[in-house]
Every structure is written in structure tokens, then in C-alpha cells.
Amino acid sequence: MDPSSALIVFREVLEAALVVGIVMAGSKGVAGRGLWVGGGIVAGVLGACAVAAGAGAIQSAAAGVGQELLNATILFAAVGMLGWHCVWMGRHGRDIARHMSQVSRAVVQGSRPLYALGVVVGLAVAREGSEAVLFLYGIAAGSDSPALDLLRGGLLGLAGGAAVGAAIYFGLMRIPARYLFAVTTWMIILLAAGMASQGAGFLAQADLLPTLGRRLWDTSGILSDRAILGKVLHTLVGYDAKPSGIQLLFYTTTLLIIGSLTWILGRPNSPAAPAARAA
Amino acid sequence: MRRSGRWVWMATVAVAMGVCAIGTVPQVARGDDNSYVLTFKDNKIEPAELQVPAGVEFKLVVKNADQSPEEFESSDLKIEKVIAGGSEVELTIKPLDPGSYEVVGEFHEDTAKGQIVAK
């Protein structure tokens, strides 16, 4: 068993695993979510293999910034889907929670935008998974350590990532139903803000956006974002030890836009919500 | 008075032009050569310490001389880029403040470590 390969694969799958855990918790009680999330994972793994296989072509595409553009596109697409889900949940979450306790869930299930969550899972798995696939491919393509050892390490890392995803899911499941969606909605908003910040980082790297200050502050002495906890917080709340100005701008803008839309549309007497409340 | 005023003015212009010339000449002379190379070889970074000028935008060419892919990463420089085996990428690095910036190969973090030192 090779510990370094386990750690690297673990780090790469951690982010996707956390996304899956939160999404599963956020869609509790909705029929067909397993299918959408499972389908998202399968599509994501295939996507990851495709991205890894085309790594060379992507690298040289768009005058050398193909990778940055692809990453930014995937991240902003996920932000859009997460935002849409939050806004939708803001309008209907209260009713779902109420119906859940009344065991009459069917009413709201049909209109739930599960595809949005399925797409987010697929995108997260494809993006993060492609690096794990490339890393493992590198091992298979010949290295000093015996391949079987490294493969075992890789599987252990994968299992570790899955365990963290499961842990966050079961942790969230302990929250009483009437608070659960409020919690998962805000977690998803933070997730989206973090992804927007990362996406902006890629566009700045490609020189398509200004950095607005390469490093606003440095908290890597307290918590490095290369450490496991830093990586977890990086996914959950968008933690970055050395954020650039453009990242902070995208982070706060995303937080404000999705947060205020969710809040405005979710107010009990909001004019936008009556349809669901009548149901 | 008037005459010496004109002289002062001309001298100022001359000095300003001189400063401009001094400021621009080295960059013009460098032209497209203002690029620096880091190479991944045997899962190490060569050179382990790369000297670059501070305060000047430059091109950073990162070559992966190994067969297997590598991810070039620097949280100091805000770079995260996968490089396929046997290929290279070119990055535009905005003017750096003097100091040292860590770089790693994420897939071989134990051995592939280096730094870019801006002076």
C-alpha cells in the first residue's frame, strides 16, 4: 500500500464527496434523488475519464488556456445550478418540510429541480475526478513503486473520500426536518460562493480577469489550504488561505445574489410563493 | 530669469527622457526573451530555485519532461495547472513583489518542490 497515493486520491475526491453528501442531505425525502445523484456520479466519472484522456488537447486549446476555461466553465455552471436550486428551495422548502412530517410528500416531488443537483454532482465529480484519474494513469504508465501497491493506495483514498461524504450526510440527517433545508440551503449557497471564487481564480490565471491584488491576506500559518481541514473548509465555505481580490469579489457577489434571492423568495408572504403554499 | 527658467524646463525634459530610456531599454532588449523555464524531471523541479526579476511581467514556461502527467501548483502565485507528460505550458506571471514563491508538483509532492525567487 502506498500512503502518498492514498492521500493524493483522497484529496482529489474529497471535494466531490462533500458535494454529493450535501446534495443528498438537501434532497431528503424526494423520490428519485438516488437515481439523479447516482446518475450524476456515473456521468461525472465518465466525464472525468474523458477530461483526463483529452488532457493534452485541452491543455493546448484556446491558446494554452483551455484548461482554465474548462475549469471555470464547469465551476460557473455548477454555481448556476446550485443557485437555481437554492432559489427554488427558498420558495418550496418550507412546504416540503411540512409535507414530510405529514407523510404526504408526493405533491411537491414532481416539480423539484432534481436535474440541477444531478448536474452539479456530475460536474463536481468530473472536475475533481479527472485529476485523480490523471494521477492514477501516471502510476499505471510506469513508475518506481509497484503498480498494485499504488492502486491499493488509490482505492483506499477513494474509500476515505466516500467516508467523509457519508459522514457529512449522516451528520446533516441528525438535524430535525424543519431546520434541515434551511441548513442545507445555506451550505449550498456557501458551496456555490466558494466555487465562484475558484472559477474567478482560473480566469485570473488565464489572464482573462484582473487579480485585483494577488494576495489580500495570508492565513496559511494558521490553516494551510493544503491541509485536509483546509481542503474541507475550502469546499464547504470556500476557504482560501491566500485569496486574491477578484476571488473575494466573486465570493461575496455570489453570496449576496443567491442569498438575497433565496431570502426574498422564501419570505412567508412573498408574492412569488403562493402557488406552492396553496398546494 | 526667463532664460534660466527655459533651461530648467529643458533640463527637466532631458532628465525625464533619460529616465524613460533607462526604464524601457532593458525590457525592449529582452523582448520575447522575457521568459523563464521550470522543468519537471524524475518527479523533481529543475531548477529548485528559479531567479526572476521583481516588478516585471514575465512568461513562465513549465515543462514536464516525465512520461506521467503532473499538476503544477502554487498557492503563492495562484496557479493550478495540469501538464500532460512530455509537454509544456506557458503562463503569464504578473509583476511579482520581491520575495520567494513556493511551487510544487502536486502529484509528486514529496519530491517535486521548488521556489521562484523574485529580486
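I started with a helix pair: the axes of α8(A) and α9 (residues 228-237) of chain A come within 5 Å and cross at roughly 105 degrees. Axes here are lines fitted to C-alpha atoms, for helices over the stretch in contact, with angles running from 0 to 180 degrees between N-to-C directions. Helices (H or I, at least four residues) and strands (E, at least two) are DSSP runs, numbered from the N terminus. So I noted α8(A) and α9(A) as roughly perpendicular to each other, a label for angles of 65 to 115 degrees.

Before going on, I wrote down that this is a predicted model, where local features need pLDDT of at least 70, side-chain atom pairs count only at pLDDT 80 or more, and totals for chains, interfaces and linings use all residues. Residues are numbered from 1 along each chain as its sequence is written, and chains are lettered from A and ligands numbered from 1 in the order in which they are written.

Next I looked up who meets whom at that crossing. M187(A), L190(A), L191(A) and G194(A) of α8(A) meet H234(A), T235(A), L236(A) and V237(A) of α9(A). Ala, Val, Leu, Ile, Met, Phe, Trp, Tyr, Cys and Pro count as nonpolar, Asp, Glu, Lys and Arg as charged, and the others, Gly among them, as polar.

Then chain A as a whole: I found eleven helices and zero strands. Of its 279 residues, 47% count as buried, i.e. 20 or more other C-beta atoms, placed from the backbone, lie within 10 Å of a residue's own.

How many residues of chain A are in contact with chain B? I noted 25, against 19 residues of chain B; contact means that C-beta atoms, placed from the backbone, lie within 7 Å. On the chain A side, α1 (3-26), α3 (55-64), α6 (114-140) and α8 (177-205) each supply at least two residues. α6(A) gives the most, with five. By class, this side has eight nonpolar, twelve polar and five charged residues.

Last, chain B. I found an open sheet of four strands in the order β2-β1-β4-β7, with mixed pairing; strands pair if DSSP finds at least two bridges between them. β2 (44-46) and β7 (87-93) stand at the edges with a single partner strand each, so one side of each has no neighbour in the sheet. Seven bridges join β4(B) (residues 58-64) to β7(B), and the two run antiparallel. There I spotted V61(B) opposite E90(B) in β7(B).

Definitions and conventions:
Two residues are in contact if their C-beta atoms, placed from the backbone, lie within 7 Å. A residue is buried if 20 or more other C-beta atoms lie within 10 Å of its own, exposed if 12 or fewer, and partly exposed in between; C-beta atoms are placed from the backbone. Angles under 35 degrees count as roughly parallel, over 145 as roughly antiparallel, 65 to 115 as roughly perpendicular and the rest as oblique.
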